[in-house]
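Subject: Structure handover

Dear colleague,

I am passing the structure below on to you, and after it you will find an account of what turned up in it. Please read the two side by side.

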Amino acid sequence: MKRKSAINRVLLALTGIVLLGSGILILAGGFDLYRRWRLTPPDGWPLTTPDGVLLDAADRTRWTDEGWWWPVVIAVLTIVVLLAVWWLLAQLRRTHPGHIPLGGLPAVDGVELRERALSNALAADARQQPGVQKARARMDGSAKHPEAHLDLTLASDSAPGPVLRALGDGPLERARQSTGQTHLPAKVQLRVTPHKAHRAD
């Protein structure tokens with residue numbers, strides 16, 4: 001998820017820079033700023049005067065009489081539109097479960113649990129485990145297939161193995177049972193509380 005967000009930010013930033021730069025150059029030509037302020041326009045840039053055009057008539061009609069021209073244009077535009085639609089659908093796809101249905105529990109059929117509530121309960125339960133000083137949790141995935149992500153800070157004298165076993169047998173198992181999930185995958189990131197080095201005399 002973090003990787004996806006970073007890629008989106010980079011693509012949006014690059015797109016914004018290109019659009020902003022192009023807009024500034026077009027406005028500079030439209031308001032005749034190159035002549036008024038005695039600026040040098042970019043090499044080969046056609047829009048340097050208010051009556052300038054991006055493509056003149058000769059450039060616009062150069063290939064229109066060729067048989068391959070329109071199929072290529074239509075194919076390129078189709079690919080661009082399909083890529084844009086694919087990217088838009090990828091952004092709209094939910095990466096968090098939102099509300100998790102309490103499946104497998106007849107007594108609460110139709111009741112849903114908020115993702116934030118489950119994350120907070122899981123983090124609070126994990127903080128009660130021996131050797132754990134801090135715990136944060138969040139839920140990813142879909143409503144039908146949630147996935148727990150935990151970030152644990154361990155005491156300096158804690159062993160990761162017992163903590164992970166206790167986490168799987170305790171908080172994660174209780175979260176699975178409370179939501180009626182048959183399987184609740186989890187990713188755990190462990191940190192160790194920094195401590196000062198002991199001086200040996």
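The expected span is taken as 1.5 Å times one less than the number of residues in the helix, and helices here are DSSP runs of H or I with at least four residues, strands being runs of E with at least two, both numbered from the N terminus. Please bear in mind that this is a predicted model, in which local features need pLDDT of at least 70 and side-chain atom pairs count only at pLDDT 80 or more, while totals for chains, interfaces and linings use all residues. Residues are numbered from 1 along each chain as its sequence is written, and side-chain values use heavy atoms, with hydrogens and water left out.

The buried residues of α5 are Glu115, Leu118, Ser119, Leu122, Ala123 and Ala126, where buried means under 20% relative accessible area, exposed over 50% and partly exposed in between, with a 1.4 Å probe and protein chains only. They cover an arc of only 130° around the axis, so they lie on the same side of α5; the arc is that of the directions from the helix axis to the C-beta atoms. These buried residues pack against β1 (99-101), β2 (112-114), β3 (132-141), β4 (146-154), α6 (160-169) and α7 (171-179).

If neighbours within four places in sequence are left aside, Leu122 is in contact (heavy atoms within 4.5 Å) with Ala137, Ala148, Leu150, Pro171, Leu172 and Ala175.

The strands β3 and β4 run antiparallel and are joined by nine bridges, two strands being counted as paired if DSSP finds at least two bridges between them. They form a hairpin with four residues between them, and Ala135 stands opposite Leu152 in β4.

A search of the whole structure finds two aromatic pairs. Trp68 and Trp69 form an edge-to-face pair, at 6.0 Å centre to centre and with 75° between the planes, and Trp69 and Trp70 form another edge-to-face pair, at 6.3 Å and 65°. Rings of Phe, Tyr and Trp (its six-membered ring) pair if their centres lie within 6.5 Å, with planes under 30 degrees apart counted as stacked, over 60 as edge-to-face and the rest as tilted. Trp68, Trp69 and Trp70 form one aromatic cluster; Trp68 is partly exposed at 41%, as are Trp69 at 23% and Trp70 at 47%.

Finally, two loop residues deserve a look. Asp32, in the loop between α1 (2-30) and α2 (33-36), has a positive phi near 55° without being a glycine, and counts as buried at 12% relative accessibility. Arg38, in the loop between α2 and α3 (57-60), likewise has a positive phi of about 55° although it is not a glycine, but counts as exposed at 79%.

With kind regards
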